[in-house]
Amino acid sequence: MEFDWKVIIDYFPDLLAGVKVTLSITILSLLIGLVFGLALALARISGWKIISWPAYVYIEFFRTTPPLVQIVWFYFVVPVIIGMELSAFQAASIALGLNIAAFFGEIFRTGIQGIDKTQIDATRVLGLGSIDSYRYVILPQAFRIVLPPTTTTIMLLMKGTSLATAIGTLELMRVGQLISLETFRPFEILTAVAVIYFLITYPVAYGMRRLERKMQIGEI
């Protein structure tokens, strides 16, 4: 079986459109995950059971149930509950964002608790309030600790957007499947899809490694 480059060239604009949707889902889900994940981490370490316990239950539930199930549930069940339709794009973005928030919550919690307690005590001696302590002392140091697992989580999120295929979201994987069915050339198209995933994921990993190395040098 010969590899037909022409089919990839002919359908490249369609694949590119799929990439745009994939990146859009990734960015929106990442924003939801980072913000909500930090809130979950702060709730977990607050010491107040009224917010730390629900945060714990949320984290464990979303980490131990398949993201595919969550995506399908948000697409088919949530509209019934709220009485408003969600597009496939919206359902996938929200579901993946809430899923990844659970992982970020644990990553951020570990990073914050990994800071030497003397640093926290020093903020109190200096008279810094809780918000200023986190803003100027705790979070900047925690950022260095959580950078490696955060990088891995972001890469998993980018690849996980392919699960949105299950509800018909026209992201890269779904577009590749449709083109394969239309052209009967899955070998070329799905190979191109795999290469494109690598091309959009590897720069993130490389950039984050460079940032991590730079921060370590700066720390020394």
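These legends describe close-up views of a predicted model.

**View 1. Phe3 and Phe187 form an edge-to-face aromatic pair.** The model contains 11 aromatic pairs. In the pair of Phe3 and Phe187, the ring centres are 5.3 Å apart and the planes stand at 80°, so the pair counts as edge-to-face. This pair links distant parts of the chain. Phe3 sits in the segment before helix H1 (5-10), Phe187 sits in helix H10, and 184 residues separate them. Phe3 is partly exposed at 27% relative accessible area. Phe187 is also partly exposed, at 40%.

**View 2. Phe36, Tyr58, Phe61 and Phe62 build one aromatic cluster.** Helix H3 spans residues 49-64. Within helix H3, Arg63 and Glu60 lie 3 residues apart, about one helical turn. Their side chains form a salt bridge, with the closest N and O atoms 3.0 Å apart. Arg63 is partly exposed at 34% relative accessibility. Glu60 is partly exposed at 24%.

**View 3. Asp10 and Lys6 meet in a salt bridge.** The N to O distance is 2.8 Å. Both residues belong to helix H1 and lie 4 residues apart, about one turn of the helix. Lys6 is exposed, with a relative accessible area of 52%. Asp10 is partly exposed, at 42%. A search of the whole structure finds 5 salt bridges.

**View 4. Glu188 and Arg185 pair through a salt bridge.** Here the N to O distance is 2.3 Å. Glu188 is buried, at 0% relative accessibility. Arg185 is partly exposed, with a relative accessible area of 23%.

**View 5. Phe184 has a positive phi.** The angle is near 60°, and the residue is not glycine. Most residues other than glycine have a negative phi. Phe184 lies in the loop between helix H9 (172-183) and H10. Phe184 is exposed, at 69% relative accessibility.

**View 6. A nonpolar patch lies on the surface.** Val195, Phe198, Leu199, Tyr202 and Tyr206 make up this patch. Together they have about 510 Å² of accessible area. Leu199, one of these residues, lies in helix H10. Leu199 is exposed, with a relative accessible area of 53%.

**View 7. Positive charge gathers in a surface patch.** The patch holds Arg209, Arg210, Arg213 and Lys214. Lys214 is found in helix H10, which covers residues 186-219. Lys214 is exposed, at 64% relative accessibility.

Methods:
Residues are numbered from 1 along each chain as its sequence is written. This is a predicted model: local features need pLDDT of at least 70, side-chain atom pairs count only at pLDDT 80 or more; totals for chains, interfaces and linings use all residues. Side-chain values use heavy atoms; hydrogens and water are left out. Patches are made of residues with over 30% relative accessible area and no salt bridge: like charges are joined within 9 Å, nonpolar side chains (Val, Leu, Ile, Met, Phe, Trp, Tyr) within 5 Å. Accessible areas come from the Shrake-Rupley method with a 1.4 Å probe; for residues, only the protein chains shown count as cover. A salt bridge is a side-chain nitrogen of Lys or Arg within 4 Å of a carboxyl oxygen of Asp or Glu. Lys and Arg count as positive and Asp and Glu as negative; His and the chain ends are not counted. The place of a charge is taken as NZ of Lys, CZ of Arg, CG of Asp or CD of Glu. Helices (H or I, at least four residues) and strands (E, at least two) are DSSP runs, numbered from the N terminus. Buried means under 20% relative accessible area, exposed over 50%, partly exposed in between (1.4 Å probe, protein chains only). Rings of Phe, Tyr and Trp (its six-membered ring) pair if their centres lie within 6.5 Å; planes under 30 degrees apart count as stacked, over 60 as edge-to-face and the rest as tilted.
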